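Here is a briefing on the structure shown below. Keep the sequence and the 3D view side by side while reading.

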Amino acid sequence: MEVALAIVIGALYAAGLYMMLRRSMVKLIAGLVLLGYASNLLIFVVSRLTRASPPLVPEGAHSVAEPFADPVPQALILTAIVIGFGLQAFALVLVRRAFQAVNSDDLDQVTASDRPDLQA
Amino acid sequence: MLNAVLAGFVLAFAAPQVARHLPRQAGTIAALLPAGIFVWLLNQAEMALGPGVVERWPWSPLPGVTLSFHLDGLSLLMALIISGVGALILIYAGAYMQGQAQAGRLYALLLAFMASMLGLVLADNLIALFIFWELTSITSFLLIGWHYQEERSRAAALQALIVTGGGGLALLAGLVLIGLVSGTWEIAGLAAQAGTLQDSGLYLPILLLLWLGAASKSAQFPFHFWLPGAMVAPTPVSAYLHSATMVKAGVYLLARLSPALGGTQEWSLLFMVTGLVTLLLGGWLSLKQDDMKRMLAYSTVSSLGLLVTLLGLGTKLAAEAAALYLLAHALFKGALFMVAGAIDHASGTRDLRRLRGLAGALPTGALAAGLAGLSMAGIPLLAGFAAKEFIYEAALFSGGSVWLLTLLLLAGNVAFVVVAQQMTLRIFSGASLRFEHFHAPGVGLWAGPLVLGALGLALGLLPEVTATLAGAAARAIYGAPVTIHLFVLPDSVTPMLLLSALTIVAGILLYRRRTKLEPWLNWLDQGARLGPENAFRRLVGGLPRFAERVTDMQQNGRLRSYVMWVVGAWLLLLALTWLLRGGPGVPSDLLARLADLRFHELVLVVVILAGLASVMQANTLLTLIVSLGVVGFGTAIVFILFGAPDLAMTQFSIETLGVILFVLVLYRLPGMVRLSPRRTVLRDSVVTGLAGAVVTLMILVITDVPLVSPLKTWFADASEPLGHGHNVVNVILVDFRGFDTMGEITVLGIAAIGIFALLKLRPGRGGESKAGDGEGRT
């Protein structure tokens, strides 16, 4: 499965970057979301997959018996998913406001903050 | 010696205070320091001319970097010039700056410069030498830009700094190479390593770097242009830095290193050609000038070229001639500069065409200029005469193309004779002119040039003293014992004497016929327009334009171009590393590893990839959102399958929320439009496809090596006893890494505030903002 997922992650990175290179603001966000998926899966896969049980301590026991999935990357990814959602939500609202301001989805229309000379 | 150098820097800070309280005497008071150093140097002379005086101070923990000083014949000659002329210049500056508010700053800078220059000629360590070298460049920059309110001054100062500073960088590289090749950082030890240095493959690079440093500092062609530009500085500065001392730094460096690096064909060719071109160019350009200071500046360029030629020649006679000329030139050129400044001060003009018959009004000036001029022209009884004799002797016994060399030197010397006449006969003789605001300069302005002029005569009349001083310097240049035999007057007619006479006669004739020369000089001036100064201007002017263009290309305000740069640079660097150093290949057992793929997993992979394809193809917003959802839910299922139910739950809920949010926020946006041309799409596909492939390869390589993770078992063992929780992931999040989770919550809170601000705070009508709106607008 690692090999198959490696291909999936590569495809996710490629697609995410490709979407970020588009002129559309919505596609930019889609690219960000895809990169988020890709990174989470990357951390997940490089810390090895186990089809085994989750890291749960059984009732009455004091430790988890092997084999079990590595809890450390899981904790990291959990944080990353939530932060990624925050980013996604903020970006969405930002795009909406930008759309209201310039009435276009085209990023090339949003130049005023970087090029004051083009403003007005 | 350290004290002598440091005293200059320390007293530089005190000078403005002194100038505030005793404005009339401040220059003279400041002159006490260089005068004291001069006396101290004379005291040390016996030691210096013998074994030399060495001082060593630990300075930096770096190996080879010590603050060491070495006073030998060459250093002594230079240090005597620096301190002696320095004292006279400070007295002169006191009179020159009389009544000006910022005089204190000038004394301070002159003292700081003097200390730097002393450090430069006394330093025995390559790195220490470089530091003092740069200090002279910086003080020179500040002094050239003295009239900082004028754009011309600022431009000239910057030009000098860029040229000498750039040369300084090259010099640093050269010095470091010398240190690495020879294995010693002490200059005194370099001569013993001459063989190692000259046989090394780095000899030529060292020589070229040295050439860049010395030629830029000593205003050699093609860097000569900054020196005439530097004439915007007050005259005390021009007389001190830009004729007697600082511009000699490059010459000094060559003289100092010639025992270690000189004597080869490359050395001779490089420095003789540079020197001769500079000698002739400077001489020719000096004939053209109407401004006294510019004329003297070009003449100085020419003199420096002469010195470089002699050092390039590198014979024993040439070393003697160089030492003699170094001394004579510092005296007569310093004096002439100070005379020019005094005349400027008195009459308000430096224009040669407007000055005539000043002898009646300025008899002292005429005497000083006359003595200096005679020395410059190489008239017997004066120091300049002996120098010229030796120059011709060195040329006649050079052993190479004797006649060509002699002829070129003759031509250069004729120009000196003409300049000497311009500075004496032309301005002092004839019927006197009337000036509106003429006021005779006081003793302070005449003391300097008179003393220097008289010294020129004294050295001519006391050949033993001159021979001792110059001989010791020549010994350091030549690297072997040297004895100079000097006479007050030659007792027989030699070829050198005939050449000297020829020089003077030709100089007088040329001076008389100078009006006939005008068309020739003008023609050459046309050529100068295409010269290095123009190239320099273009370079300095073009640099900001180039930077602007690069900035426009890299920082064009488009996110996608930034992404492209980042991804492209990453791929390029990776590819380079891969090519140069090799990298991991594709693991070989891929098929075997792929075999453990189960059917439902294969289906999942296919679904995710299909969702991804659909994201890329989406032409309506709804398709895009749904397809993203497919990929997201697919990821969640991966988490379920491999023992991460917490991740799956989070991913599911967030995916659901995300889809809802997407629809709610963006439903009003128009459909997807194809915006990019086909070529861009193709280029982006290739680059991002490569990036994805690299990531895949990276994962395959990483997962190919076994993983050792003590954390896994540690957390599994510790979570129940220490955290009292059964879900290890949860215990990590809320207990072991609780502060991380706090941070995460904070980030979400900030995002929520931002979202609220974006949604609720809207611009009012007519472009006016509601109260508090400024925060929300981004």
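Which residues have the most contacts inside the largest nonpolar core? They are Tyr107(B), Leu111(B) and Ala322(B), in a core of 205 residues. This is a predicted model: local features need pLDDT of at least 70, side-chain atom pairs count only at pLDDT 80 or more, and totals for chains, interfaces and linings use all residues. Residues are numbered from 1 along each chain as its sequence is written, while chains are lettered from A and ligands numbered from 1 in the order in which they are written.

**Nonpolar cores**

- A nonpolar core is a set of buried Ala, Val, Leu, Ile, Met, Phe, Trp, Tyr and Cys residues joined through C-beta atoms within 7 Å.
- Buried means that 20 or more other C-beta atoms lie within 10 Å of a residue's own; exposed means 12 or fewer, partly exposed is in between, and C-beta atoms are placed from the backbone.
- In the core of 205 residues, helix α14 (residues 316-347) of chain B has the largest share, 22 residues.
- Another core, of 82 residues, lies apart from it and includes Val3(A), Leu42(A), Val64(A) and Leu107(A).
- Leaving out residues up to four places away in sequence, Tyr107(B) touches Ala15(B), Ala19(B), Ala26(B), Gly27(B), Ala30(B), Leu90(B) and Ala93(B).
- Contact here means C-beta atoms, placed from the backbone, within 7 Å.

**Helix α1 of chain A**

- Helices (H or I, at least four residues) are DSSP runs, numbered from the N terminus.
- Helix α1 of chain A covers residues 2-20, and its end C-alpha atoms are 26 Å apart.
- Of the 19 residues of α1(A), 18 are buried, so the helix is largely enclosed by the rest of the structure.

**Chain A against chain B**

- The interface brings 76 residues of chain A into contact with 87 residues of chain B.
- On the chain A side, α1, α2 (25-46) and α3 (71-102) each supply at least two residues.
- α3(A) gives the most, with 21 residues.
- This side of chain A has 51 nonpolar residues (Ala, Val, Leu, Ile, Met, Phe, Trp, Tyr, Cys and Pro), 12 charged (Asp, Glu, Lys and Arg) and 13 polar (the others, Gly among them).

**Met246(B)**

- Met246(B) sits in the loop between α10 (235-244) and α11 (248-261) of chain B.
- Met246(B) counts as buried because 30 C-beta neighbours lie inside 10 Å.
- Beyond four places in sequence, Met246(B) contacts Met117(B), Thr136(B), Ser140(B) and Leu241(B).

Conventions
Expected span 1.5 Å × (residues − 1). Contact = placed C-beta atoms within 7 Å.
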